[in-house]
Amino acid sequence: MTSHTIEKSLILAAAPANVWAFLTDPDKLAIWFHRPDNALTSPGPFSMPGEDGEPLVWGEVREARAPSHLSYSFTARPMGGHMTEVTWELSELEAGTRLRLTHSGIPAGAEAFGLLTGFDGGWDRHLLSLREASAAD
Amino acid sequence: MVSYKRETERFHIMQTDPHDTFKALADPTRREILGLLKSREMTIGDVTRHFDITRPAVKKHLAILESGRLITVTPRGRERINAINPEGFRELENWLEIFDRFWDDRLSALKTAVEKDAS
């Protein structure tokens with residue numbers, strides 16, 4: 001399967017330890033992302049429930065080296081359990097932190113669309129029809 | 001849980017918030033509703049007849065689908081007509097772009113939260 005990687009870089013006006021807390025602490029993750037069921041500070045599985053209480057985002061922490069490196073596998077409900085990899089790297093700057101995000105293993109093209117639509121029996125056929133209908137517009 | 005209300009309003013002007021689209025697709029009932037709407041437009045009552053859930057529950061599902069731009073809701077007389085929005089599905093096809101925008105959005109929220117906390 002072809003896959004893509006997204007890379008992002010961000011300068012934050014806060015020390016790496018503060019940024020680290022926002023990447024790992026459930027209360028702080030809840031502010032900008034979703035609240036996990038446990039802190040992402042040691043290897044092991046994690047889950048972030050949706051409003052219905054069922055897992056919305058989940059994965060497994062691979063490596064957590066405070067306050068400079070955090071990596072975990074990552075999937076979300078609409079991704080049908082397809083696992084991708086997320087890595088955060090933090091480096092100290094004079095007045096803050098450079099934060100790098102790498103999200104790899106993202107399926108590309110038609111395979112991605114099939115993945116998105118194929119996680120529920122029969123649903124892919126609905127979407128195929130919709131694609132044909134929209135292409136005819 | 002993060003409140004996406006402000007962001008949702010912004011994205012309605014600019015583009016679809018991928019979180020809204022993910023959220024809309026994440027629920028099997030909503031996917032089933034989309035399957036029904038594929039064949040024809042429906043009122044809330046029409047949709048409700050296909051499920052063992054209340055009309056307010058169906059209305060809520062439809063509102064989420066509208067937020068994800070997967071359907072359009074158009075007033076017709078006293079009724080509100082729900083229909084598939086092909087444009088929303090077209091945007092879904094670019095999976096990579098969805099993730100790209102998703103992270104831009106989340107990183108912006110992270111920056112705001114971190115810097116507010118540090119100040």
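**Aromatic pairs and chain B in a predicted model**

The accessible surface of chain B is about 6,100 Å², and carbon and sulfur atoms hold 50% of that. Areas follow the Shrake-Rupley method with a 1.4 Å probe, and for residues only the protein chains shown count as cover. This is a predicted model: local features need pLDDT of at least 70, side-chain atom pairs count only at pLDDT 80 or more, and totals for chains, interfaces and linings use all residues. Residues are numbered from 1 along each chain as its sequence is written, chains are lettered from A in the order in which they are written, and side-chain values use heavy atoms, without hydrogens and water.

Q: How are the rings of A:Trp32 and A:Trp88 arranged?
A: Rings of Phe, Tyr and Trp (its six-membered ring) pair if their centres lie within 6.5 Å; planes under 30 degrees apart are stacked, over 60 edge-to-face, the rest tilted. Here the centres are 6.0 Å apart and the planes stand at 90°, so the A:Trp32 and A:Trp88 pair is edge-to-face.

Q: How many residues apart in sequence are the parts that the pair of A:Trp32 and A:Trp88 ties together?
A: Helices (H or I, at least four residues) and strands (E, at least two) are DSSP runs, numbered from the N terminus. A:Trp32 lies in helix H2 (residues 26-32) of chain A, and A:Trp88 in strand S5 (residues 84-93) of chain A. The pair therefore ties together parts that lie 56 residues apart in sequence.

Q: Is A:Trp88 buried or exposed?
A: Buried means under 20% relative accessible area, exposed over 50%, and partly exposed in between (1.4 Å probe, protein chains only). A:Trp88 has 0% relative accessibility, so A:Trp88 counts as buried.

Q: Which residue of chain B pairs with A:Phe33?
A: The pair is stacked, with 5.9 Å centre to centre and 5° between the planes. It crosses between chains, from the loop between H2 and strand S2 (44-49) of chain A to helix H7 (residues 95-118) of chain B. The partner of A:Phe33 is B:Trp103.

Q: What pattern does chain B follow along the sequence?
A: Chain B has seven helices and two strands. Read along the sequence, the pattern is α-α-α-α-α-β-β-α-α.

Q: What is the phi of B:Arg69?
A: B:Arg69 sits in the loop between helix H5 (55-67) and strand S1 (71-76) of chain B. With 24% relative accessibility, B:Arg69 is partly exposed. B:Arg69 is not a glycine, yet its phi is positive, at about 60°.
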